[in-house]
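These are my notebook entries on a structure I went through piece by piece, written down in the order in which I looked things up.

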Amino acid sequence: MNAGAALALVATAALAWRAGATLVAEGARLAAPGQPTWRQRLLDPTEARIRRALGDDATLLFALQAAAPRPALVLVARPDGDPRTLTPERFKELDRRNGRIVQLQALAYPDPWLQEVADPYSVAAGLAASGRDVRVLQLAGDAPPADAAAWAAAELPGGNRLWARP
Amino acid sequence: MTLLGFLWTILVTVVAPALFGRGLLLVAGATGLGRAPQWGHGFLLGQCLLAPLTLLQACFDWPVPGAMAPLLAGAIGWALARRAASAAPTEAAVGGSRAVAWATGVAIALFVERCLAAAADPIRVSDEAFNWAAKAKALFAGPWSRIGEPLAHFVSHADYPLLDPLAQMQAFAAAGRILHWENRAPVQAFGVALLLLLGPALAARARPVAASAALLAFLGTRFSTYGATAYADVMLATLAFGAFDALSRARATDGRVWWPVACVLLAGAVATKQEGLLVAGAVLAPFAAERALAGPRRAVAGWRRAIWLVVPALAAAGQARFIVAYGLANDMLDAPGRAGLATRIVAQAGTHGPKVLDYHFELLLDGAATGWLPLGLFVAAPLAVVLRGRDVVAGVVAHACCACGLALAAYMAVFVGTVHDLAWHLGVAADRTTLHILPIAALGLAVAAAPRAAATRGP
């Protein structure tokens, strides 16, 4: 065997190894439990896909969309924590909250536009004063506005609320 | 109804652009082209040419139904293809190799299965949601006069180019509303187009076993993972490979058809990601250098065709104008309070350089990420020169080595100049940037290692 043929053999063997690894990995993936069914891939309506992805938060998303359609801007308190004093539990909690909000935000836009801000009530009050249709989403566990009497609240599923300046 | 809606999206955003591009290609004289590259190049060309039209429609807040332009273009393409007397391919579908045709079919089937599995989940996390789909939603929802606000606050990395969001916007426009999973289809179709181009390119130049193995090895890289999403990385890899293939074909012919096609695809690469400019330069450089080194007579001959470089230049200028118009900034190029990228590369070379090299070396050794394809190319090409002579690697192998080497070197330099935590930045981006050159590396490696006897110097 000449050197050129040896190069071809070695390189082809390496490529064939990788090709085999691809086929084994693909076979394992196809055989793995939990693969979406063909119904879930092709036939389920979008709402069912969102419910499967978001769980209980899907109900909140659909209620929010019904309560504050375009061009409403809905503000929600940004998860906030000082990295120097953050405990692992608090970090997990903030991470979970952030995950909820960004998914709601991605799936809601533009009906409504959900935006995180540090102080939603004061930002909303300012924007409402300039004539913008703006609300505040109070997730269960968040603080209500300090001047609650100046706001109107609408109940959303799961103990969440939507506040607006009348 | 869901399935019908999905099929409608595919008709408008995948089939119609492919028909349009294929018709233009055939009527322009790209005869003798196999069916697979006809559809592969046709889809890329159609997407690149329809994207400005989609943008224009969005600018005027959709004065006509969004499906009208792609469907009309598809009908025109269909008529053009019928008119092209020699529309029937004279190349076999994938270069005459049954083994490679089977490998291509298997690769496409596995990839499409992944794409359909991804469809079960709406777009809701990561860059797929916050960079790409978010931008498409902001641009589609409009009104255009007020898109600056969502670009500033809702879209992440709003400075990134528009081709991916425009492809998704076509899906929204076809449906007349925002979608949450169907809009992946036009982006995923770039992955199918890539396999349609790579299979025949390998079959034409490498022996069937090496060609088939290289194709399946490529399928096992990050290509499948990112290709099933709406990320723009496989889109860029496809356009880079399409331009490489078109430049190779232009080199082997008089270039009348393929040089303009290459320039349109380079423009598409520029319009896909910020890195597209870098990748487009890396793909074009070896072909330009070869022409320049061939002597003044060859370099000057056909100089008028250089005018086509205006197309990628226009894409870059349009992107720059969009960034300026909406006051957008790039985290690497316009980092506030930091030195420019070039200055940072020099300043951080000592601290970051070895780490970046080390990370990339490990990446090239990681079979699951890169399939050993670039590493194999950089090892096999010089060995092939020594063992078989320079003629064997002239053409596609030399071009692939230069394009991959240049792109990797440029990417590593950018990582050296990062403004972010280096380990984090490499961890989230290096596998995707390497992906951009993997198809070119797969082709170069297979040809360097096991060239087909009649095609060592071919396109």
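**Entry 1, salt bridges within a chain.** I began with Asp44(A), which counts as buried because its relative accessibility is 9%, and I note that the model is a predicted one. The side chain of Asp44(A) meets that of Arg52(A) in a salt bridge, with 2.7 Å from N to O. Arg52(A), at a relative accessible area of 36%, is partly exposed.

I then turned to Asp82(A), which forms a salt bridge with Arg84(A), and the closest N and O atoms of this pair are 3.1 Å apart. Here Asp82(A) is partly exposed, with a relative accessible area of 30%, whereas Arg84(A) counts as exposed at 75% relative accessibility.

In chain B I looked up Arg184(B) and Glu128(B), whose side chains meet in a salt bridge of 2.5 Å, N to O. Arg184(B) sits in the loop between helix H7 (163-175) and helix H8 (185-205) of chain B while Glu128(B) belongs to helix H5 of chain B, so this pair ties together parts that are 56 residues apart in sequence. Arg184(B) is buried, with a relative accessible area of 4%, and Glu128(B) counts as buried at 7% relative accessibility. Over all chains, my search of the whole structure gave 25 salt bridges.

**Entry 2, the contact of the two chains.** How many residues does each chain bring to the contact? I find 52 residues from chain B and 43 residues from chain A. Between them the two chains bury about 4000 Å², and 69% of this lies on carbon and sulfur atoms. On the side of chain B, the residues that lose the most area to chain A are Glu113(B), Arg124(B) and Phe154(B), which together make up 14% of what that side buries.

For the polar part I counted four salt bridges between chain B and chain A, and 15 residue pairs in polar contact, with both residues at pLDDT 80 or more. Several helices of chain B each supply at least two residues of the side that touches chain A, among them helix H1 (2-28), helix H4 (98-119) and helix H22 (438-449). One salt bridge across the contact is that of Arg114(B) with Glu26(A), where the closest N and O atoms are 2.9 Å apart. Salt bridges that share partners join Glu26(A), Arg29(A), Arg41(A), Glu113(B) and Arg114(B) into one network.

Ser224(B) is buried, at a relative accessible area of 2%, and, leaving aside its neighbours within four places in sequence, it is in contact with Phe111(B), Arg114(B) and Leu219(B).

In which order do the five strands of the open sheet in chain A stand? I read the order as E2-E1-E3-E5-E4, with mixed pairing. The edge strands, each pairing on one side only, are E2 and strand E4 (152-156) of chain A. Neighbouring strands of the sheet are turned against each other by 30 degrees on average, with direction ignored.

E4(A) runs antiparallel to strand E5 (residues 160-164) of chain A, and five bridges join the two. Leu156(A) stands opposite Asn160(A) in E5(A). The hairpin of E4(A) and E5(A) has three residues between the strands, and there Gly158(A) takes a positive phi near 80 degrees. I also noted that H5(A) lies across strand E1 (73-77), E2 and E5 of chain A, and that it runs at about 150 degrees to E2(A).

Asp111(A) and Pro112(A) are joined by a cis peptide bond with omega about 0 degrees, and Pro112(A) is found in the loop between helix H5 (88-108) and strand E2 (113-117) of chain A. A cis peptide bond also joins Gly142(B) and Pro143(B), with omega about -5 degrees, and Pro143(B) lies in the loop between helix H5 (126-141) and helix H6 (148-153) of chain B.

Which phi does Trp62(B) take, although it is not a glycine? I read a positive phi of about 55 degrees for Trp62(B), whose place is in the loop between helix H2 (35-59) and helix H3 (68-83) of chain B. Since buried means under 20% relative accessible area, Trp62(B) at 19% still counts as buried. Ser126(B), not a glycine either, has a positive phi of about 65 degrees; this residue lies in helix H5 of chain B and counts as partly exposed at 32% relative accessibility.

Key: Residues numbered from 1 in each chain as written. Chains lettered and ligands numbered in written order. Predicted model: local features only at pLDDT ≥ 70, side-chain atom pairs only at ≥ 80, totals over all residues. Heavy atoms only, no water. Helix = DSSP H or I, 4+ residues; strand = E, 2+ residues; numbered from the N terminus. Buried < 20%, exposed > 50% of the residue type's maximum accessible area, 1.4 Å probe, protein only. Pairing = 2+ DSSP bridges. Axes fitted to C-alpha atoms, helices over the stretch in contact; angles between N-to-C directions. Contact = heavy atoms within 4.5 Å. Buried area = accessible area lost by both parts, 1.4 Å probe. Polar contact = N/O pair within 3.5 Å; in protein donor to acceptor, adjacent residues only side chain to side chain.
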